[in-house]
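Me: I should like to learn how to read salt bridges, aromatic pairs and confidence scores in a protein model. Please take me through them in turn.

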Amino acid sequence: MKYIVVALSVLVLSSCAVFAPKNKTKVEQKPALVLTNTIDSVSYAIGVNVGTAFKQQMLQFPGGDYDVTILAEAFSVALKGDTTLLSYDQANAFLDAYLSKIQEAETQKSKSEGETFLAENKKREGVVTLPSGLQYQIVKQGDGPKPKETDKVKVHYEGFLLNGKKFDSSLDRGEPISFPLNQVIQGWTEGLQLMPVGSKYTLYIPYQLAYGEQGAGQFIPPFATLIFEVELLGIE
């Protein structure tokens, strides 16, 4: 029943557009807004504040598509307390279903892209694929000792998504990091044990050896295959 209500609401919106009067030959222009008192200024300032913050938030909106005019109309009606085409509960139910569908599509896309990338990448000269699925390529081979899983190591690194977007970098921060090798993602634990100190490797890490089905933070999505440029500076 709730989906019928949504469909009818969309139909109402569409009808408003289709059956709008067509005999107007001149576009009506609203008079320029003038702030004449403190309440006007406060109201406008709130609008600027909320609108600017909302615009930034909507840059992260899954799917990325929405109609600003309809959004503003619904916001205005709801703010005034008038009757909206969708009730609050209906709007939330619709958004939950919509966002779940978008997220599922994006998740499957990320998973498929990772699998395709790794399948092609393993054919490249110099790329080694391990039984775990981890892939690596030697950029520079050092001559120091190799760390054990229980060691603490110092590294410089940069991390990238498959689209080339850099999501983290110790180089950009200007200082290396140190950590116990058994307290990081599995791809790092396995990959760095292959590296003599002084080496620099590129690690291609499938999602199972990275942040899995959940992803991490706002920059690493679920099922993300990750690429790391890692230089092993020392064992502490």
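The dialogue below treats confidence, then salt bridges, then aromatic pairs.

Reply: This is a predicted model, in which local features need pLDDT of at least 70 and side-chain atom pairs count only at pLDDT 80 or more, while totals for chains, interfaces and linings use all residues. Residues are numbered from 1 along each chain as its sequence is written, and side-chain values use heavy atoms, with hydrogens and water left out.

Me: What does the protein chain average in pLDDT?

Reply: pLDDT is the predictor's confidence in each residue, from 0 to 100. The protein chain averages 86, and 86% of the residues score at least 70. Over residues 1-24, however, pLDDT stays under 50. Where pLDDT is low, the predicted coordinates should not be read in detail.

Me: How many salt bridges are there?

Reply: Side chains of opposite charge can pair when their charged atoms come close. The rule asks for a side-chain nitrogen of Lys or Arg within 4 Å of a carboxyl oxygen of Asp or Glu. By this rule, the count is seven. One of them joins Glu231 and Lys140, at 3.4 Å from N to O. Glu231 belongs to strand β7 (residues 226-235) and Lys140 to strand β2 (residues 135-140), so this pair ties together parts that are 91 residues apart in sequence. Strands here are DSSP runs of E, at least two residues long, and helices are runs of H or I of at least four, both numbered from the N terminus.

Me: Are Asp172 and Lys166 exposed or partly exposed?

Reply: Relative accessible area decides this: buried means under 20%, exposed over 50%, and partly exposed in between (1.4 Å probe, protein chains only). Asp172 is exposed at 55%, whereas Lys166 is partly exposed at 35%.

Me: Which aromatic pairs does the search of the whole structure find?

Reply: Rings of Phe, Tyr and Trp (its six-membered ring) pair if their centres lie within 6.5 Å; planes under 30 degrees apart are stacked, over 60 edge-to-face, and the rest tilted. The search finds nine such pairs. Among them, Tyr136 and Tyr201 have ring centres 5.4 Å apart and planes at 10 degrees, so they are stacked. Both Tyr136 and Tyr201 are buried. Trp188 and Phe228 are edge-to-face, at 5.1 Å centre to centre and 90 degrees between the planes.

Definitions and conventions: Contact = heavy atoms within 4.5 Å.
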